[in-house]
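Here are my notes on the structure, as numbered points. Please read them with the coordinates open.

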Amino acid sequence: MRAPDQVPLANAAFTPSAEEVARAERIVAAFAATEAKGGAAVEVDGQMVDYPIVYRARALLETMREIAARGG
């Protein structure tokens, strides 16, 4: 069975961009380094990053891993 025609358009519209993925990677890496030193917040790209932002970045990266695992 063929997927509806709008599926590729929806996937393209809702898949995080390469820039969003790169920023999420920077956030996760910077926060991990800070957390290892006992910190709970860090500045990334001029924005203060704490747990809620890190959780969102991790979720974005997990979504991308799932997309990649499905061959997308």
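1. Start with Arg26 and Asp45. Their side chains form a salt bridge, with an N to O distance of 2.6 Å. The partners come from distant parts of the chain: Arg26 sits in helix 2, and Asp45 sits in the loop between strand 1 and strand 2, 19 residues apart. Bear in mind that this is a predicted model. Arg26 is partly exposed, at 39% relative accessible area. Asp45 is also partly exposed, at 49%.

2. Arg23 is partly exposed, with a relative accessible area of 25%.

3. The structure holds 4 salt bridges. One of them joins the side chains of Glu62 and Arg65, at 3.1 Å from N to O. Here both residues lie in helix 3. They are 3 residues apart, about one turn of the helix. Glu62 is partly exposed, at 34% relative accessible area.

4. Now the geometry of helix 3. It runs over residues 51–69, which makes 19 residues. How far apart are its end C-alpha atoms? They are 27 Å apart.

5. Ile53, Val54, Ala57, Leu60 and Leu61 are buried. They cover an arc of only 120 degrees around the axis, so they lie on the same side of helix 3. The face turned away from that buried side carries the exposed residues Pro52, Arg56 and Ala69.

6. What do the buried residues of helix 3 pack against? Their partners are helix 2 (18–36) and strand 2 (47–49). Ala24 gives a contact list to check. Leaving aside neighbours within four places in sequence, Ala24 is in contact with Ala57, Leu60 and Leu61.

7. The largest nonpolar core has 12 residues in all. Its members are Val21, Ala24, Ile27, Phe31, Val42, Val44, Val49, Ile53, Val54, Ala57, Leu60 and Leu61. Helix 2, strand 1 (42–44) and helix 3 each supply at least two residues of this core. Helix 3 gives the largest share, 5 residues. In soluble globular proteins, nonpolar side chains tend to be buried together.

8. Is Thr34 buried or exposed? Its relative accessible area is 17%, and the cut-off for buried is under 20%, so Thr34 counts as buried. Not counting residues up to four places away in sequence, Thr34 touches Gly39, Ala40, Ala41 and Val42.

9. Last, the residue to check after helix 3. Gly71 follows this helix. Its phi is positive, near 90 degrees.

How values were computed:
Residues numbered from 1 in each chain as written. Predicted model: local features only at pLDDT ≥ 70, side-chain atom pairs only at ≥ 80, totals over all residues. Heavy atoms only, no water. Helix = DSSP H or I, 4+ residues; strand = E, 2+ residues; numbered from the N terminus. Expected span 1.5 Å × (residues − 1). Buried < 20%, exposed > 50% of the residue type's maximum accessible area, 1.4 Å probe, protein only. Arc of directions from axis to C-beta. Contact = heavy atoms within 4.5 Å. Core = buried A, V, L, I, M, F, W, Y, C linked by side-chain atoms within 4.5 Å.
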